[in-house]
Amino acid sequence: MSRKPKKGYFVRGQFVAEGSELDLELKRELKGTDESSRTDLKRESDELQKLGEELLGLRAALFNALPLSEKLVDAVAEAKRITNFEGKRRQMQFIGKLMRKLDEPTLEAVKQALTEQNTVPAAEAAALHEAERWRDRLVADDDALGGWIETHPATDSQQLRALVRQARKDLKTGPAGEAPRQGKAYREIFQLVREQLAVHGGDDHAAAAAAQDREEDA
């Protein structure tokens with residue numbers, strides 16, 4: 001016979017069961033909390049919700065590296081799809097609630113990822129975006145794989161083909177409207193592509209861009 005889940009709430013990532021000694025202690029503290037402390041708690045809650053909102057604009061490579069729960073990842077993906085104002089507002093409140101359940105190390109990782117995105121030089125940001133575009137094209141299009149190997153001959157083509165095959169196997173589309181889930185191979189393709197772009201740069205970058213333009217025009 002399954003046990004009913006305990007009722008309670010989270011405080012800074014720690015679950016507090018209703019009726020527990022910690023719950024009673026927190027309620028006693030709350031009764032004696034002055035208005036300034038209540039304002040601090042409200043401000044902390046608002047900051048966490050704002051942090052959750054900023055996750056929506058976090059670059060995929062940084063977002064995928066964060067140790068977030070599946071529920072929070074799905075909530076962010078859902079928020080990106082919602083266009084209705086009221087629906088978006090409610091979804092962001094839900095994300096804020098999930099953010100309040102994160103422990104301190106995870107919150108710090110989120111802040112560092114957002115800081116990294118906001119401080120990355122423009123040239124590096126462009127290179128990261130190009131690597132992301134190439135990764136997605138390699139997984140989606142067989143012709144892109146041949147084009148990449150042709151313009152980046154130093155690439156380990158056998159390794160790249162194996163990663164692309166695995167990424168396609170890992171891809172789980174799920175029900176209509178849900179964001180696909182990506183596996184380890186998907187992230188490794190990004191790293192491989194990023195390294196090749198960083199090593200060659202210059203003329204190689206121009207050749208790759210020209211090849212991409214030709215394929216798009218075809």
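Which residues does Leu 58 touch, not counting residues up to four places away in sequence? They are Phe 63, Leu 66, Ala 113, Leu 114 and Gln 117. Touching, or contact, means heavy atoms within 4.5 Å.

This is a predicted model: local features need pLDDT of at least 70, side-chain atom pairs count only at pLDDT 80 or more, and totals for chains, interfaces and linings use all residues. Residues are numbered from 1 along each chain as its sequence is written, and side-chain values use heavy atoms, with hydrogens and water left out.

**View 1. The whole chain holds eleven helices and two strands.** Helices (H or I, at least four residues) and strands (E, at least two) are DSSP runs, numbered from the N terminus. The order from the N terminus is β-β-α-α-α-α-α-α-α-α-α-α-α. Of the 218 residues, 32% are buried. Buried means under 20% relative accessible area, exposed means over 50%, and partly exposed is in between (1.4 Å probe, protein chains only). The chain exposes about 14,200 Å², and carbon and sulfur atoms supply 51% of that area. Areas come from the Shrake-Rupley method with a 1.4 Å probe; for residues, only the protein chains shown count as cover. Among contacts with a separation of 6 or more, 62% join residues 24 or more positions apart.

**View 2. The largest nonpolar core has 22 residues.** Such a core is a set of buried Ala, Val, Leu, Ile, Met, Phe, Trp, Tyr and Cys residues joined through side-chain atoms within 4.5 Å. Leu 55, Leu 58, Leu 68, Leu 72, Ile 95 and Met 99 touch the most other members. At least two residues each come from helix 2 (35-55), helix 3 (60-64), helix 4 (70-81), helix 5 (85-99) and helix 6 (104-119).

**View 3. Helix 4 has twelve residues.** From first C-alpha to last, helix 4 reaches 17 Å, close to the 16 Å expected at 1.5 Å a residue. The expected span is 1.5 Å times one less than the number of residues. Leu 72, Ala 75, Val 76, Ala 77 and Ala 79 are the buried residues of helix 4. Gln 91 belongs to helix 5. Gln 91 counts as buried because its relative accessible area is 13%. Beyond neighbours within four places in sequence, Gln 91 contacts Ala 75, Glu 78, Ala 79 and Ile 82.

**View 4. Trp 134 and Trp 148 form an edge-to-face aromatic pair.** The structure holds one such pair. The ring centres are 5.0 Å apart, with 65 degrees between the planes. Rings of Phe, Tyr and Trp (its six-membered ring) pair if their centres lie within 6.5 Å; planes under 30 degrees apart count as stacked, over 60 as edge-to-face and the rest as tilted. Trp 134 lies in helix 7 (residues 122-140) and Trp 148 in helix 8 (residues 142-151), so the pair ties together parts 14 residues apart in sequence. Both are buried: Trp 134 has a relative accessible area of 1%, and Trp 148 is at 0%.

**View 5. The charged end of Arg 137 sits over the ring of Trp 134.** The distance to the ring centre is 4.7 Å. A charge sits over a ring if NZ of Lys or CZ of Arg is within 6 Å of the ring centre and within 35 degrees of the ring normal. Lys 80 lies over the face of Phe 63, at 5.7 Å from the ring centre.
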